[in-house]
Every structure is written in structure tokens, then in C-alpha cells.
Amino acid sequence: MATTTQIDYDVVIAGAGPTGLTLANHLGTLGVRTLVLEKLPTLIDYPRGVGVDDEALRSFQAVGLVDAVRRHTVPNQIMRFVDRRGRVLAAIAPTAQPFGWPRRSGFIQPLVDRELAEGLKRFSHVSLQMQRSVTGFAEFDGGIRVDVQPVDAQGEPVGELRGVTARYLVGCDGGRSPVRTALGLPFDGKSESTKWLVIDIADEPIGTPNVHFVLDDEFPHVVLALPHGVLRYEFMVPAGADDATFESDDNVRKLLARVLPGHVKPNVIRRRVYMHHARIAPTFRRGRALLAGDAAHLMPVWQGQGFNTGIRDASNLGWKLALIVKGRAGDALLDTYTQERHAHAGAMIDLSVLVGKIFVPSNPLLRVVRNVVGPWLSKLPSLRQYIAEMRFKPMPFFSEGVVAHGGTPDPKGQVGKVFMQPRVADANGTVRRLDDAIGLRFALLSWSARADAWIDAEARLILDRLGALPVVVRPDCQSLDREPPQGGVVLADTEGAFKLWFDEARGGIVILRPDRIVAAVCKPWELSDTLRGLAQRMQLDLSDRPAVAAEPTVATTLRAVA
């Protein structure tokens, strides 16, 4: 008689960096039993990412942590590219907030990582274990066995190797990912020969709130203002220089003496030499093992998108894993993870590489062209606005995956893109951001009239399996108590943003995913068939049985760590 292997966890995450911790918070909010394993004794504290975008903040909002995270940010931080004489050649200074948060904020990553780790304490079904190394794994029918080795502070094995079982393993274990290596996946791309020394200084000696890229051919460097009175400098390491010598106390003093007055004695708190990488795995999934964050892709730091790209991975993957482990969707849903995330991650890598080539061109001729043409181009109003508003930033567009385009995918349409996040009001007059009114779940959002009046019994079952919340949005002058959707809410369009959005849409109903990607836009009489198409893509289980558990409507908000 066949025996069934006991499953200890739904998901095991290897690595407690920002991607792994964010994914664990999403899974925790969705009621998924999760184990996070980290080889180090503490979270990493050395210099890391310094830019968080609006999509990442929205992901933290979804799990109730955005207020805690924002305590460690500089909102709307301007990024200026200046020549050696201080002339501004270009500035990135977006003011619009289409997704409800600043497009770009400076932040201190180690402190944000702490907030994400602290957030896991809200969930009795989520465990974070430090000094635990994943040494191997093997699939079996219905799950995956993960070998876990306790290690000391130096990473050396101590104690007995043990095995845990899970439905899935997610490698969030960094650029050298042992999980990716064990899967035999290549990491295509290249590593730049240029290295950079990052120096963090406490008691900020300049007092600037923004970022400056100094395009000096002889001495290129970056100056970044961080929260809590921290100033960061980044200096290019000369070719052939020894890393240890370049980051020595004596050389650090010499470098800082070139950018600060001689009488200033900076309080250096951290330093580290970095090499920039541009690499991506060919797939983010193989069987029951998946990759996310730096384990799946690496990019140069120039646009601060390595951190944010990993957070997008977590937002995309979390709800899919939750649907599967709760028995609502089929395993093939995870194939859409690579379909949806790979191309966009690659576009972010390309953008980061391009900005690096502009900042430090490898060819002397290109440097001359940049220095001559740059000041002239900076005088063109249309180009200045294009750069200032970050229109160059690639935005997610899913031509395939959990989307229903209703025809040929249109990059200029609304489907497959991130939905806006205006403020809305409920019947009590409480004004809040859209996602706070919906929660981390699917939403069936319609303009003026309730959409559920148009669906058949099978479509209602699909909404039940998705745990979708019916939402009607009306002008704020109309009654919110009139004809509410069954089991849903009516919200007021306090800013008029929904009226404008639906005026350009092909239909009055939008199906929103938990990661706030527009899954479909349709007319009321098309809704049932549209839902059936999405259900087929997700392999939804439409057997006539109750759902395992419902997603929470709103995540618990956590106060910041002191």
C-alpha cells in the first residue's frame, strides 16, 4: 500500500534578503505555511540598495508594512546628472503618483529588511530560521524535500542535517544562488570589469536631500543622501587596483578629502567594493523549485532597480503559490511566473546597463560626445520632461500569462499593465487608497453599476475560487448605498480618476489581480466568458465544493521598528 509523505510546509524560501522576506509576508498574509531559511546569523548590514520605487511600496502596502518601511525613506528624491563644473545635464524628478506612492524614494535597505523580518512575527504559520543552509533538495510525488544544515556564524556545519518537506521551494538566495546552481540553470550575461567603492558616512556633512551623479572623466563619483543623516559616496575603483588597498582607511581618507573640505572629519560607518553584473536565468522555474530576486537576475545599480525587480517577483509569485497550495488552481499556473516576469526583468537590466554606459563610457570618444552633446540636449524642454518624469522606465506589460486581452495584445491598451491607485471613499466617508479598500485579493471592479448582475452560475463559482471582491465605483456625488454588489463594496471616485480611466477603456468592468495587474477589461455581457477564459489559464478547480480558506480583505498594519 502506497504511503503519503507528510508535508511540513507549503513553501520553503531559501534566503532572507528583501525578496525572500517580501514573498514570505505575502504568503503569510494569504495564510500559506512558510519556512524562511537564512545561512547568515543576522540580516545583512553592509551597503546595499538605495532606491525604492512606487511599485515596491505598493507591494509593502499590500502586506501592511508600508508605513514601517517609509520611516526609512526620502520620498521624491531627485537624481541629477552633473558635469565636473556642477552643471545639471539631466534630472530625474517625477512628481506624479499614479500608483499611490512616490515614483522614487531613497532608502536604507538593511533597515527596511529589518522591518520585513519583523513583519513575519505577525504570522504563526510563518517561521524565519537563521544559520540554516539549504544543501540540497529532491522532488517527490506532490512535493519537494529540502535538506537543511545548521551552520555556525562562519557558515561551517554544526549539528545534524535534517530534511523538511514542502509543496514548493523558492530560491531567493542571491546572485551566487545554490538553488539555481543545483537546478543546473545557466546565468547568462556578463560582469563588468569596473568596480566601485561604496562609503556610508553618519552625521551627514553636506545636508543635501538628493542624489548627484558627477560625470567627471578623471574622477567619476556619486553622492547620495540617505535617511537618518547618512550620506553615501561611490567611487570608481581604477583598473588593476587592489580592492583591499582601495578600501583601506588611508585611501578612504584620501578619497573623501577630494569631495569634502580638509577640516571635515567624516564618520565612516560602512564601506564595500562592488562589481556590477548584468545576468539573467533562462527560466525562473524548474519543477517545484523557483527563483526570485538576485537568484534569478542581476543588474547594475545605476537605476536602483535590482531591489525593486525582486519585489515585483515576490508580488507576482505570492498569490499564485497561495491559489495552488490551497487547491484552487493547478500547478501550471506557476509557468506564468516566467512568462510574465522574465521579459520585464531583462528590460530593467538593459536600462541599468545603458545608464552605466552614459555615466562612465568605456570609449574615450563616447566620453567626448557625452560631454559636448549633453549640455546641449539638456536645454530641450521635451527631453528634460521625458527624463524628469521617468518615462524611460520600462513598465510591466504582460502579453501572455494570467491575462485576457480579448484579441491581439496591445501594448497601448490597459490589459496586462499595472492599475492605478487613486484615493477612494466608502459609505462612511472614510478616504483611503484603493488597495487598502480592496485588500490583497482579486477584485471585480466596475463603473457605476454592479457587475455581478451579469454573470452566470459558473462565473460566480470562479469568483468564489479566486476570493474576488466585487467593487463598484461611482462619482462621489452619488449614493453609495444604492444597489451594492453581492458580497462587495461601493466606493466613491473622490479624485475623478476612475471616470477618466473608464472613459478610455474598452469596457466598464476590470478584473484586477492581487498584484494589481489588469487581468481583463470587458463589457458586462462579456464578463462570464472572460472569467472562464482566465479560469482556464489558471487551471482553476471548479468542482462544486467550498474554497479552502478566504484571503484576508486587508492586511494588518505593523508599526515600524524603533
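This is a predicted model: local features need pLDDT of at least 70, side-chain atom pairs count only at pLDDT 80 or more; totals for chains, interfaces and linings use all residues.
I counted eleven aromatic pairs in the structure. I then took up the pair formed by tryptophan 447 and phenylalanine 502: the ring centres are 6.2 Å apart and the planes stand at 35°, so I recorded this pair as tilted.

I next asked where the two partners lie in the chain. Tryptophan 447 belongs to strand β22 (residues 443-447), and phenylalanine 502 belongs to helix α14 (residues 497-504). The pair therefore ties together parts that are 55 residues apart in sequence.

**Charges over rings.** I looked up two arginines beside aromatic rings. The charged end of arginine 180 sits over the ring of phenylalanine 187, 3.7 Å from the ring centre. Arginine 272 lies over the face of tyrosine 274, with 6.0 Å to the ring centre.

**Helices α1 and α2.** I turned to helix α1 (residues 18-29) and helix α2 (residues 54-62), whose axes come within 9 Å and cross at roughly 35°. I recorded the crossing of α1 past α2 as left-handed. Which residues meet there? From α1 I listed Thr22, His26 and Thr29, and from α2 their counterparts Ser59, Phe60 and Ala62. I sorted the residues of this contact into two nonpolar, four polar and no charged.

Methods
Residues are numbered from 1 along each chain as its sequence is written. Side-chain values use heavy atoms; hydrogens and water are left out. Rings of Phe, Tyr and Trp (its six-membered ring) pair if their centres lie within 6.5 Å; planes under 30 degrees apart count as stacked, over 60 as edge-to-face and the rest as tilted. Helices (H or I, at least four residues) and strands (E, at least two) are DSSP runs, numbered from the N terminus. A charge sits over a ring if NZ of Lys or CZ of Arg is within 6 Å of the ring centre and within 35 degrees of the ring normal. Axes are lines fitted to C-alpha atoms, for helices over the stretch in contact, and angles run from 0 to 180 degrees between N-to-C directions. A crossing is left-handed if the near helix is turned anticlockwise from the far one by less than a right angle, and right-handed if clockwise. Contact means heavy atoms within 4.5 Å. Ala, Val, Leu, Ile, Met, Phe, Trp, Tyr, Cys and Pro count as nonpolar, Asp, Glu, Lys and Arg as charged, and the others, Gly among them, as polar.
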